[in-house]
Amino acid sequence: MKLFNPIKTGAVFAMLFTSGMMITDASALTVYTAGPGSLAKSLATGYEKQTGVKVNIFQATTGKVMARLEAEQANPQADVLISASWDTAEELQQRGWLLPYQSNNAAKVPAEFKTDHYVAQGISALGIVWNTKSGTPEPKEWADLTTDAFKDRVTTPDPSLSGASLDLLIGLQNSMGDRAWQLFARLKDNGMAIAGPNAQALTPVLQGAKAAVFGAVDYVTYASIQQGESVKVIFPASGTVVAPRPMMILKSSQHAADAQAFIDYVLSEEGQKAVADAWLMPARTDVGAQRPLISDLNILPAQAGGSADRGSVLQRFAALFSKS
Amino acid sequence: MLLVALPLLFILLQAIFPHLSAGSLDGAFSALPALLSDPELPALLGGTLSVGLSVALFSALLGVPLGILRGLFTLPLARTWDLLMLVPFFTPPYIAALSWTLALQHNGYLMQLGGPDLNDLLFSRTGIALVMTLNIFPVVYFAVSRSLLASGQRLATVARVHGATPLRAFRHVTLPMLLPALAAGVLLAFTLAIEEYGVPAALGSRAGVVMLTTGIEQRLADWPIDLPGSSLLSVLLVAVALAAFALQRKLVGNKEVTSITGKPADVSSCGLGVWRGPALVLFTLVALLVVALPAGSMLLSALLSTLSGGLQWSNLTLRHFAALFALHGDALGALSTSLGLALASSLIAGLLGFLAAWLVVMQRIRGAVWIDGLSLLPASLPGIVVGVGLILLWNQPFWPVTPYNSWGILLLSYCCLLLPWPVRYVGSALRQLGGNLEPAARVHGASVWLALRHVVLPLVFPSLLASMLMVFAIASRELVTSLLLAPAGTQTVSVFIWRQFEQGSVGQGMAMATVAIVSGLGLMLSALALMQRRAAAESRRF
């Protein structure tokens with residue numbers, strides 16, 4: 001009998017330990033968000049300070065957020081959704097899941113980054129990330145990664161896992177046509193490795209196992225540069241694509257007014273400064289950032305039309321790279 | 001058993017009725033032809049089977065000799081080796097895979113220290129199987145060594161007295177007694193390997209290896225989400241695991257081995273003699289490979305200010321650790337959440353697992369096979385499927401009370417995922433108990449519960465405790481269901497680390513992993529020490 005006392009003590013201990021987490025506030029605003037957790041946190045804190053409404057954040061990759069949203073269809077939990085892929089917003093709107101809302105603070109957001117139902121929180125761009133200590137010449141163009149200097153030394157995020165990476169493929173195809181596919185074929189011949197989602201493509205470049213990422217999301221890299229990593233983000237002059245991050249209110253929301261206030265806050269000057277601090281481009285043109293903005297980049301058209309087109313690009317890319 | 005069966009039922013329903021999550025039963029079975037014609041299917045199935053079989057084989061090759069050495073002979077520092085073998089369970093597989101990557105890839109730590117470039121070995125099918133084996137083989141080691149320690153050497157000694165050579169006694173007495181535990185251990189290694197997500201996700205794409213788990217994950221993380229497709233693949237994965245389970249039952253299921261009869265057992269083991277040195281060298285090498293190398297790589301990554309700075313004295317820093325404590329208490333909150341949940345799930349899973357194993361082995365109730373099979377199922381399910389199943393189940397509007405969106409759902413998912421451990425471990429220990437012990441207690445007037453508590457439980461307690469420690473270890477770092485189920489606003493250790501990796505701060509993620517592993521181990525060690533002190537005090541009283 002004595003033997004089990006520690007266990008009993010442990011059980012009581014565990015219950016005390018965890019009981020604090022049990023209370024979920026019914027009046028709180030629930031925000032599902034992809035992307036930088038530090039940004040989600042600072043936005044939530046700022047909003048709480050301003051309105052007194054508590055914010056519960058669920059943060060994961062766009063895919064995981066969407067999986068949770070879809071699985072919760074029968075009993076939706078989220079009030080606000082911030083995704084990293086414009087497509088997801090379009091799809092949800094077509095399903096009729098979104099509550100239309102135009103924030104007054106969206107006046108300074110360019111027309112291509114807002115609709116009646118959703119608006120960009122911030123914008124990221126895709127570029128080449130290059131390790132300055134890798135002993136390779138600094139690439140200036142996408143095609144530079146097909147040279148001998150980069151033989152077996154390039155990674156790229158898997159376009160089936162990274163929506164932004166797929167946007168880049170589509171953008172290149174739209175502007176270059178078949179030459180884009182020749183570029184991908186030469187990259188493959190040069191030994192480019194496909195490596196999971198964004199961070200997995202970046203880590204080998206940081207350590208020097210690889211020299212460059214073809215098509216990396218920029219804000220993650222800017223954050224690493226701030227930490228002292230010797231890498232550089234290069235936007236080819238021939239053009240790249242941007243990935244606006246749509247925010248939207250779900251029709252099922254029980255807290256529509258709070259949700260609208262949250263969107264207003266994110267689009268306020270204070271909120272947009274927090275977005276800029278996370279190394280994203282602010283959605284509002286009148287808020288500055290310490291990084292190249294859209295006006296500094298040559299933007300390729302990314303949206304080519306229906307999702308069938310995305311599917312076929314993805315399939316063609318997968319087929320190209322599965323041939324050994 | 002509802003704990004396990006209900007989410008599974010909902011996954012099966014989802015697989016059959018693609019529109020289930022919208023509350024509609026239209027289009028039954030419409031997803032099936034699409035799956036069967038999927039050109040990726042053979043690769044998914046082949047990758048899963050070959051990695052699973054290789055891991056089972058490698059685990060047996062590594063775990064059986066070490067387990068026998070530990071179980072049969074007086075091994076110096078025995079407890080230390082046990083402890084070291086537990087470390088892999090505290091190391092989340094995705095951390096281990098990343099640690100190995102940082103250590104072995106081109107220009108990794110090994111190369112920076114002047115070692116060879118093992119990049120191509122790491123990013124291959126063999127590399128994946130090896131990395132997984134180093135994480136998984138301790139299940140075989142513990143199954144084999146615990147079983148030998150529990151059964152003692154008495155029967156083998158009897159054989160020796162009657163003239164058998166040591167080898168013959170081993171082959172005809174020890175080995176058959178070992179078989180149930182060995183088979184259970186290897187089966188567990190196989191199922192753990194086929195359900196593992198972290199390692200194939202981290203290494204697979206660069207190695208060109210796909211597995212069912214990554215396929216399921218992709219169907220869930222790929223837009224648009226394919227819930228029916230992933231449910232079907234999960235059903236397929238479960239089928240593979242069940243086939244392995246059936247095979248195991250067929251091979252060893254009906255052999256009765258009785259070694260614990262209630263008579264005082266001889267627990268003395270033989271010395272190693274001249275083999276003492278080589279055995280120690282072997283254990284040291286394995287410990288280096290399993291613990292020191294990945295842990296070293298992890299610690300280095302946590303201490304390096306920048307990855308691109310490389311191994312330089314000037315590049316060492318404690319800022320990643322400092323940052324953990326500066327993050328508005330996020331890191332510490334995640335740590336206490338994880339440890340609390342792990343403790344609670346080890347207690348619940350231990351209790352339920354013990355009861356399930358006892359019902360199956362000792363009581364032989366009707367449907368025992370079903371309980372046994374059901375309790376094994378979660379081990380063959382990828383966490384993400386259990387997660388989705390739990391959401392589908394508990395997020396229906398008709399429940400008056402639901403654990404969904406509170407920490408309760410995490411507890412539920414951990415218990416569901418980890419129940420197989422106590423069932424396997426206690427089950428194999430129970431199979432070695434003589435069938436007359438419990439009846440003897442009953443004859444002397446003890447109730448079922450009294451007999452259970454004072455006779456059966458103490459005898460299988462070492463196995464139960466070992467399995468509970470493992471549940472604790474795994475629950476404290478479980479990733480995939482935590483990612484999916486953690487209520488908005490709650491973080492666990494693994495979720496925290498994952499977020500750090502996603503945002504590009506590998507260093508901070510590794511710092512958190514280090515803190516979590518050290519505190520988890522510390523907690524476990526103090527619990528063990530406490531129990532030993534009590535046990536010692538108890539035995540002094542007699």
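The largest share of the lining of the largest cavity, 3 residues, comes from α8(B). Helices (H or I, at least four residues) and strands (E, at least two) are DSSP runs, numbered from the N terminus. This is a predicted model, in which local features need pLDDT of at least 70, side-chain atom pairs count only at pLDDT 80 or more, and totals for chains, interfaces and linings use all residues. Residues are numbered from 1 along each chain as its sequence is written, chains are lettered from A and ligands numbered from 1 in the order in which they are written, and side-chain values use heavy atoms, with hydrogens and water left out.

**The largest cavity**

- A cavity is a set of points, on a 1 Å grid over the protein atoms alone, where a 1.4 Å probe fits but cannot get out, and its lining residues have an atom within 4 Å of a point.
- The count comes to 10 cavities of 30 Å³ or more.
- The largest cavity holds about 460 Å³ of space, where a volume is the space filled by probe spheres set on the points, and grid points are joined across faces, edges and corners.
- Its lining has 24 residues, and P93(B), E195(B), E196(B), I474(B) and R477(B) lie nearest the centre.
- Elements of chain B that give two or more residues to this lining include α4 (78–90), α5 (93–104), α8 (125–136) and α11 (166–195).
- By class, the lining of the largest cavity has 17 nonpolar, 3 polar and 4 charged residues; Ala, Val, Leu, Ile, Met, Phe, Trp, Tyr, Cys and Pro count as nonpolar, Asp, Glu, Lys and Arg as charged, and the others, Gly among them, as polar.

**The second largest cavity**

- About 130 Å³ of space lies in the second largest cavity.
- Of the 16 residues that line the second largest cavity, A143(B), A181(B), R424(B), Y425(B) and S428(B) lie nearest its centre.
- At least two lining residues each come from α9 (138–151), α11 and α21 (420–430) of chain B, and α9(B) gives the most, with 6 residues.
- Sorted by class, this lining has 9 nonpolar, 5 polar and 2 charged residues.

**Aromatic rings**

- Over all chains, the structure holds 14 aromatic pairs; rings of Phe, Tyr and Trp (its six-membered ring) pair if their centres lie within 6.5 Å, and planes under 30 degrees apart count as stacked, over 60 as edge-to-face and the rest as tilted.
- F184(A) and F214(A) form an edge-to-face pair, with 6.4 Å centre to centre and 80° between the planes.
- This pair links distant parts of the chain, with F184(A) in helix α6 (residues 178–189) and F214(A) in strand β8 (residues 212–217) of chain A, 30 residues apart.
- F184(A) counts as buried because its relative accessibility is 0%, and F214(A) is buried too, at 2%; buried means under 20% relative accessible area, exposed over 50%, partly exposed in between (1.4 Å probe, protein chains only).
- Y94(B) and W498(B) also make an edge-to-face pair, at 5.5 Å centre to centre and 90° between the planes.
- Y94(B) lies in helix α5 and W498(B) in helix α25 (residues 493–502) of chain B, so the pair ties together parts 404 residues apart in sequence.
- One aromatic cluster is formed by W142(A), W181(A), F184(A), F214(A), F317(A) and F321(A).

**Chain A as a whole**

- Chain A has 11 helices and 11 strands, and buried residues make up 57% of its 324 residues.

Technical notes. 1 Å grid on protein atoms, 1.4 Å probe; cavity = no way out; pocket = protein on both sides within 12 Å on 5 of 7 lines; lining within 4 Å.
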